[in-house]
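Hi,

Here is the structure I said I would pass on.

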Amino acid sequence: MTAPSAPSACPQAPVRVFTQRFSSTRRGARLARCLAMVELHDWGIPHRSPLSEDAERIVAEFTANAVLHGNAAGRDFELKLTLLAGVLRIEVSDARRERRPAVQPPSVQAEGGRGLRIVDAVAAVWGVTDRVIGKTVWAELGRR
């Protein structure tokens, strides 16, 4: 007979993971944003809470960039959400490694280029990781 194991001194919070591939179209980006919000709600992060709204902004920006700048013929993009120990990690992977996102200086005349400034303002940390084919743009949000 074996003795029961002692409970861990540092219990882990349950890990939640959502991963889905989407077509590299505006419709795919919109669907990714909508499904991300549904998934977060199912994980206990209420719709229109500060964390949900920040996550929605980041998912919208990363997926739009994947469609606009990371699109390669016949390749989808992938959205992955991970919730662990009060940190929400958002990852969007696409097929174009050479087109890396960068925060642009503000310009009054520019029609775009402000999205990553928003990500930079709301995310605790964000960055880009190269993959064998393509790249992953990721951000982490702390639970408030």
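Starting at the N terminus, the elements run β-α-α-β-β-α-β-β, which makes three helices and five strands. I took helices (H or I, at least four residues) and strands (E, at least two) as DSSP runs, numbered from the N terminus. Before you read on: this is a predicted model, so local features need pLDDT of at least 70 and side-chain atom pairs count only at pLDDT 80 or more, while totals for chains, interfaces and linings use all residues. Residues are numbered from 1 along each chain as its sequence is written, and side-chain values use heavy atoms, with hydrogens and water left out.

Overall, 38% of the 144 residues count as buried (under 20% relative accessible area; exposed is over 50% and partly exposed in between, with a 1.4 Å probe and protein chains only). Of the contacts (heavy atoms within 4.5 Å) between residues at least 6 apart in sequence, 66% join residues at least 24 apart.

Next, the helices. Arg33 sits in helix α1 (residues 26-42) and counts as partly exposed, at 25% relative accessibility. Setting aside neighbours within four places in sequence, Arg33 touches Glu56, Val59 and Ala60. Its C-alpha is also 7.9 Å from that of Thr63, 30 residues away in sequence.

In helix α3 (residues 115-122), the buried residues are Gly115, Leu116 and Val119. Seen down the axis they fall within an arc of 95°, so they line one face of the helix (the arc is that of the directions from the helix axis to the C-beta atoms).

Which rings pair up? A search of the whole structure gives one aromatic pair. The ring centres of Phe22 and Phe77 are 5.6 Å apart with the planes at 25°, so the pair is stacked (centres within 6.5 Å make a pair for Phe, Tyr and Trp, using the six-membered ring of Trp; planes under 30 degrees apart are stacked, over 60 edge-to-face, the rest tilted). The pair links distant parts of the chain, with Phe22 in strand β1 (residues 16-22) and Phe77 in strand β2 (residues 77-84), 55 residues apart. Both Phe22 and Phe77 are buried.

Last, the largest pocket, with a volume of about 370 Å³. On a 1 Å grid over the protein atoms alone, a pocket is an open set of points where a 1.4 Å probe fits, with protein on both sides within 12 Å along at least five of seven lines; lining residues have an atom within 4 Å of a point. Its lining has 20 residues, with Glu61, Asn65, His69, Pro101 and Leu116 nearest the centre. Helix α2 gives the most, five residues, and α2, β3 (87-94), α3 and β5 (135-142) each supply at least two.

Cheers

Technical notes: Points joined across faces, edges and corners; volume = space filled by probe spheres on them.
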